[in-house]
Amino acid sequence: MLQHVYFTNHNERLLGAYHRPEEAATTLPLGIVMLHGWAGYRIGAHQMFTKLGRRAEAEGFHCLRFDFRGRGDSEGDAASATLTTMISDALAAVDWLTANAGVRRVALVGDCSGAEVAIGAGVLREAVTDMVLWSAPMVGADRAAADRAKKADIIRQYVAKLFRARTYAKLFGGRLDLRTIGRALKSGGKGAGEQGSEEDAEIDWLWRFVDFPGRVLFVYGGNDPTAPEAMRHYEALSRRAGREFRCHLVQGANHAFYSVQWENEVMDATVEWLLEQAGRPTATGAGS
C-alpha cells in the first residue's frame, strides 16, 4: 500500500511516499529510507526508487522515499540546499519511519549524492544498521581525478552525439538546449550547489564512515569513469573500519544505470542483500 505522508524539519514540511506491506505477518524488522541524488526527487533516477519501493514492499519491507527540502514537493529553497541540510532531512525521515512503521532498524539506500548523505547520517542514529550506496562519490578524499574523469566522459558523450543525425534534427528544429549542454560541459556534470558549502566542509566524513557500526553494500557501474578510484578508496576505508567490503559491480553500466537490464540488476542486488540483513534467506548473496 502506498501512502503520501508529511513530516517536518526546521519548520518546513517534507513530502514522503510510504510503502506499507499489506500483510502484517510478513513484515520484516528492517525498514528502508531512500535518499535521492542532488538533482532528483523521491522517484529516483528513471523512477528506480519507485520501482524499488514496490519490490521491497512486496517482500515485507516498510519503505519511505521522500523529497529533500527544496526538491520535488517538499517545502524549502533548492538554492539553500547543502549536504548538511540533506543529512538533517534524512535523520528526520529515519525518525518518522521508526515512529510510525514499528521498525527498530533502518537501512539507508542512497543514490550518488544520496549515498554521501547516507554516510553522513548513518552514524548519527542507532536505528540505522545498514546502508546500500549506489554510485557513491568518494568522501574524505581528493576527488579532483574522479571529477576530471567524469568531465572527460561527458565530453566524449557529446562528441559522439555530433555524429548522430537526430542531433542535427533537434538543432534545426530548435529542440537542442545549448545552454544546458554548455553548463554540463563547464561544470563536469555537477549541479548548482553540488560543489560543496562551508558547512559541508566541517563534516568529518572519514569518522562518519569508519565509525559506522553497521554493514554496507556498494553498487557501481562497470563503465562509470569514477568507479575504479571510488572502489579502491572505500575498500581501503572498509579495512580501516574493520568492516567487510561488499561491492556489486554491474558490468557495462554507466553511472546512472540507464538500461532496464542494469537497473533490474541493481534492484535485484539491493533487495537480496537487504533480505539477507533482515534475516530472510536468499538464493544468492549480493556483492563480492
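View A. Cys112 is buried, its relative accessible area being 14%. Cys247 also counts as buried, at 6% relative accessibility. The structure shown in these views is a predicted model. A disulfide is a covalent bond between the sulfur atoms of two cysteines. For this model the count of disulfides is zero, where such a pair would need its sulfur atoms within 2.5 Å.

**View B. The packing of helix 1 and helix 10.** Two packed helices are described by the angle between their axes and the distance between the axes. Here helix 1 (residues 48-59) and helix 10 (residues 260-278) meet at an angle of about 35°, and their axes are 11 Å apart. The crossing of helix 1 past helix 10 is right-handed. Contacts from helix 1 come from Met48, Lys51, Leu52, Arg55 and Glu59, while those in helix 10 include Val266, Met267, Val271 and Leu275. This contact comprises six nonpolar, two polar and five charged residues.

View C. The strands follow the order 1-2-4-3-5-6-7-8, with mixed pairing. Strand 1 (2-9) and strand 8 (246-250) stand at the edges with a single partner strand each, so one side of each lacks a neighbour in the sheet. On average, neighbouring strands are turned by 20° against each other, direction ignored.

View D. Strand 1 pairs with strand 2 (residues 12-19) in the antiparallel sense over eight bridges. Gln3 has Tyr18 in strand 2 as its bridge partner. Helix 2 (residues 83-100) packs on the sheet, and its direction makes about 125° with that of strand 1. Helix 3 (residues 113-122) also packs on the sheet, touching strand 3, strand 5 and strand 6.

Conventions: Residues numbered from 1 in each chain as written. Predicted model: local features only at pLDDT ≥ 70, side-chain atom pairs only at ≥ 80, totals over all residues. Heavy atoms only, no water. Buried < 20%, exposed > 50% of the residue type's maximum accessible area, 1.4 Å probe, protein only. Axes fitted to C-alpha atoms, helices over the stretch in contact; angles between N-to-C directions. Helix = DSSP H or I, 4+ residues; strand = E, 2+ residues; numbered from the N terminus. Left-handed = near helix turned anticlockwise from the far one by under 90°. Contact = heavy atoms within 4.5 Å. Nonpolar A, V, L, I, M, F, W, Y, C, P; charged D, E, K, R; others polar. Pairing = 2+ DSSP bridges.
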